[in-house]
Number of protein chains: 2
Amino acid sequence: MASTQTPPFTHRIGRIPIRFLSPQQPENRWPSTAFVGEVVPFAATVFREGHDALGAEVVLTNPDGSVERHPLAQGAPGTDRWHVDIALLQPGTHHWHVEAFADDWETWLHAASVKIAAGVDAELMLLEGAQLLERAATLAADTPAAAVLTDARAVMRKMTLTPAARLAVAHDARVVAALTAHPLRSLLTRSEQLVLRVDRTRAAVGSWYEFFPRSEGAKQRKDGSWQSGTFATATKRLPAIAAMGFDVVYIPPVHPIGLTNRKGPNNTLTAGPNDPGSPYAIGSADGGHDAVHPELGTVDDFVEFVRTAAKNGLELALDLALQCAPDHPWVTEHPEWFTTLPDGSIRYAENPPKKYQDIYPLNFDNDYEGISREILRIVLLWIERGVRIFRVDNPHTKPLHFWEWMLREVRIQYPDVVFLAEAFTRPAMMQSLAAVGFHQSYTYFTWRNTKSELEQYLSELSHETSAFLRPNVFVNTHDILTEYLQFGGVPAYKVRAAIGATASPTWGVYSGYELIENVARPGSEENIDNEKYEFKPRDWAAAEAAGKSIAPYLTTLNRIRAEHPALRQLRNLHVHSSDDEAILVYSKVLPGRFVRSGRSDGIIVVANVDPHSARATTVHLDLAALGLTPGTTFDVKDLITGDRFRWGADNYVRLDAFVEPVHILRIDYPKGT
Amino acid sequence: MASTQTPPFTHRIGRIPIRFLSPQQPENRWPSTAFVGEVVPFAATVFREGHDALGAEVVLTNPDGSVERHPLAQGAPGTDRWHVDIALLQPGTHHWHVEAFADDWETWLHAASVKIAAGVDAELMLLEGAQLLERAATLAADTPAAAVLTDARAVMRKMTLTPAARLAVAHDARVVAALTAHPLRSLLTRSEQLVLRVDRTRAAVGSWYEFFPRSEGAKQRKDGSWQSGTFATATKRLPAIAAMGFDVVYIPPVHPIGLTNRKGPNNTLTAGPNDPGSPYAIGSADGGHDAVHPELGTVDDFVEFVRTAAKNGLELALDLALQCAPDHPWVTEHPEWFTTLPDGSIRYAENPPKKYQDIYPLNFDNDYEGISREILRIVLLWIERGVRIFRVDNPHTKPLHFWEWMLREVRIQYPDVVFLAEAFTRPAMMQSLAAVGFHQSYTYFTWRNTKSELEQYLSELSHETSAFLRPNVFVNTHDILTEYLQFGGVPAYKVRAAIGATASPTWGVYSGYELIENVARPGSEENIDNEKYEFKPRDWAAAEAAGKSIAPYLTTLNRIRAEHPALRQLRNLHVHSSDDEAILVYSKVLPGRFVRSGRSDGIIVVANVDPHSARATTVHLDLAALGLTPGTTFDVKDLITGDRFRWGADNYVRLDAFVEPVHILRIDYPKGT
């Protein structure tokens, strides 16, 4: 059976093995993602047979074609894992790979140092060293380093000196510099190449505020009928939102609302004549997804609203809800886009035996390409009207391959457009929506309230899924009012806001949060009199004047976020410990080399997540994770209260939820760190 | 910017998403592996938008081209993970993928059952059901099922019956059978295809026994010189090894041993005239890796030794140690295969400042293809001499790409040849050696002795790395005598053997273990008077007669392994708990459908890993992992002592290490389970 031909010398492992590159998506089917300004930990497993010295670099090709080389440093002993943190600065598609090499000089230097000290093979080692210097001098030919290396070689061979003296030339600063510039590498090995998509910063960093434009300026007449708020009246609310420090305003769908089977207050089946209907029941004789509800104004009014928001420093996020009221124009123009039942009727949205008779779901399988093209047309239309962020309603009820296609098509034409996936469903779907292209994702944050839940979940968001999923942690939405908020009072509202604003680079609030609106529809986790079905004008000024608003607290949180770049990173969250089961501790640190000032930025958050208690305990910090050496003590300043403390590895803390439930502590790093 | 052309409708996610196929290697660079007879858990994450019913199948193409379809079942709620266990029965390359589909009948049946019970849309649902039955009848055309389905359709439409009665036809056994044979599937989606390499059973399942042929029958003459044992004298030991139930004999290198710088007893630098030298210092004037040491016999004697072993039911595993004594023929024929130093000498193996002057390492980078071809020639030569298993010495000191190439070339010509990697080094290298093609691997087992160490490590071997790494857990080797064995006496030797033999499908013993040889060279984890450097004839019969041998215990262990197929699986180990920090509990179960008798095979091992103690505690079993329903009680029989117990979820256990440190309990499953 033995073959006499020479078999081909092919292999899938490199001369120096390089494996498990990070960041990458699980499965590596789509690029991993980052955002402009993000500091991303790169890593690879690099090793070789035997004991010779190795080196490795990340080679990063930016979208503009420029190439950066970042040396990797060896991590924990025995892991063969090499690391380097890199700040991504250009939006667009990056390509990167790892190069590994034998570090011939380092291998020799280690052996020579040990053997000459032991009196073994001294002459031989120095001869080898001289040969290496000669090789380096050749590499450095025609540069000033050549002479340095040639001189060093002569010293290395100078038999009149002691071996130790001859070896010492290896440590001469000019020799070291020459060898750094002209390194002695061999067995150069390249890994496979990976793709990293860098989005604009807003894809991952932002403070969101949701409100219903029709409620702002809405007025009820004496006969019980309503005058809807409009884009024009809603515009008046924008400066206050901006003043609280938010930078994105998200508004529910602005399209005509169906009349057939319109829902009444609290999701009742029949609407009265004065009920405005849910903006998620889209489409009427006034038009469909490309139209604007006449009660809100015109398309021009919408465009003006977007412009005014921008002037206030606010980006607009528009809802994209792909379903239709029974009177949506598509129902007559494209009945094939829905499911026709054997009796000729169109299938309502349903969860048997429940039926949602104000909504017809699209059936993508009936005319996949036709529906897809129409949705793309609509999205591009709103982009042309000034929208750069879409909050996509229930994306998990549409086929994933549609999203992959649609998001890619939009990205090609408008790489700055951001899509947020509003999917509250099982992890496989939520993670896959992010994997195929959504820029950010709603999360389980609202349902993670205990210390252990938060420790686990914040770590998952920051580390396990951060190569492809970017969280937008809303503390409430118009559909979510958790029991924690219903029964926790002001302390609960403060705790959740403080954690949301500091733990995630993007967080969000639905209007009314600042007024502690915490009455639920009985038996539900949703506000009573849900604004989806009603006008809900609020008297913001009166509430603030009466001290009944936590708008000042939210303003403080957004100011802290603005002032601390460490809080605008995703992957730098580190959980520390405390001795109390309700005292959550985490930090976010950005090393000085990534901060404009050159000084490290570090925040420690200590939160009492039991809003009904005052608690005292000891907090234990992992000083290394803070970039501090063991035993260090340092000053911290509470950015909520202004209090200052001297802290170290173990610190007494008392947090009374009824006073201030959360410390947000700035670490005062000494200069140069 | 908007494009007017239709963008291509391409995507990398399927209509029904299928992700995270298992088994596969991390990185999916090489096929995952299994062995003939192995029961492998297959899994995939399958889900879709909305609530409609799904189904999925593994489609497995065997090496002979036959195709098997295995329906996947949904796992834990919320995980979207689907599972099926499949027994691999053919050696060779398998290809597999997952197919997912919408289960249209199941979707309808769920909705119809709920809605008709609630009195909603009854007529409509039955009409839909009738349409589905018509579609199925068309699929079943020209089969007997067609009439069944057509009749069912008629019942479904029979307005004279109640809706409940019409719906009931959906559950008629003949209708169910017809729909199983002609399923109503849509949106069929295929995953990517993966490769699975199935090796012969011995690649993963075996009881190994190592001995030095030269010691068996060696005699010291009165003048102190030795008459070496030979293949002929060593043959006499084979029946006893076979009688203990071992099925592989592993012998150190059989090649001529170098004279230059030969090592003396206990690794001393100078050998006396009567010292045989280490068989790992390969090569002399008598030849190199292709030759046989004249003191052992001739190549023909070797071939005869292999044949006799086979007649005793023993396979031979030959050592492959790729390094040379200074007098190896390659040193003069191919000096370029070594590293020549500036002074013209050849570099010894070294770990500076230590030098190993009896060994020259090969330098693969000097003539990679020349060295590789020569090693392949030598391996093929020994294969032609009858060897089908190689134990590769220190593979981690040779380049990994060489192994990938060499193992592939051998596999193409001799797919039944097995290579064991003797690498004790860092995890990245050990796992990568397995990844690139080694069939089995030495492990850290000898250094994992406490309960928590073993729980963690046995789980890692059985689950985390089992898709590509198969453990060979030696309890000792000629180079490893751990402190645990040095100081634990007979109980330690029994505990380690019992765990090795039951936890891993392949385990091994180095001769002398049965005699409790436990004296170490001071300060080392190695036997004193290491057999590598000396003749070591043993009087087996006298030891057994004096009751000083645990050979009977080893025999019992191997008999239990032979009688219980559950112990010859890798991935079925499950760790249970006990209330004592030294009482380790695990089980291995093989469900009846994979056992020839049709009855489930289950073993529970309870080990007191503190060899200096008697301990009593409560053992807590995960009954579901044993294939038993909660609350079940069942009989177990201790296969070491013959004792019987009635067990349930929680069980009192007392293990006196000085009597029997380990229970190996057979579960007496009722018939039909």
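Let's start with B:Arg448: its charged end sits over the ring of B:Tyr457, 5.3 Å from the ring centre. By that I mean NZ of Lys or CZ of Arg within 6 Å of the ring centre and within 35 degrees of the ring normal.

A word on the model: it is predicted, local features need pLDDT of at least 70, side-chain atom pairs count only at pLDDT 80 or more, and totals for chains, interfaces and linings use all residues. Residues are numbered from 1 along each chain as its sequence is written, chains are lettered from A and ligands numbered from 1 in the order written, and side-chain values use heavy atoms, leaving out hydrogens and water.

Back to B:Tyr457, which is buried, with a relative accessible area of 4%; buried means under 20%, exposed over 50% and partly exposed in between, with a 1.4 Å probe and protein chains only. B:Tyr444 is buried too, at 15%.

Now, over to chain A. How many salt bridges does the rule find across the interface of domain 3 of chain A and domain 4 of chain A? There is one, where a salt bridge is a side-chain nitrogen of Lys or Arg within 4 Å of a carboxyl oxygen of Asp or Glu. Elsewhere in my notes, the side chains of A:Glu660 and A:Lys494 meet in a salt bridge, 3.2 Å from N to O.
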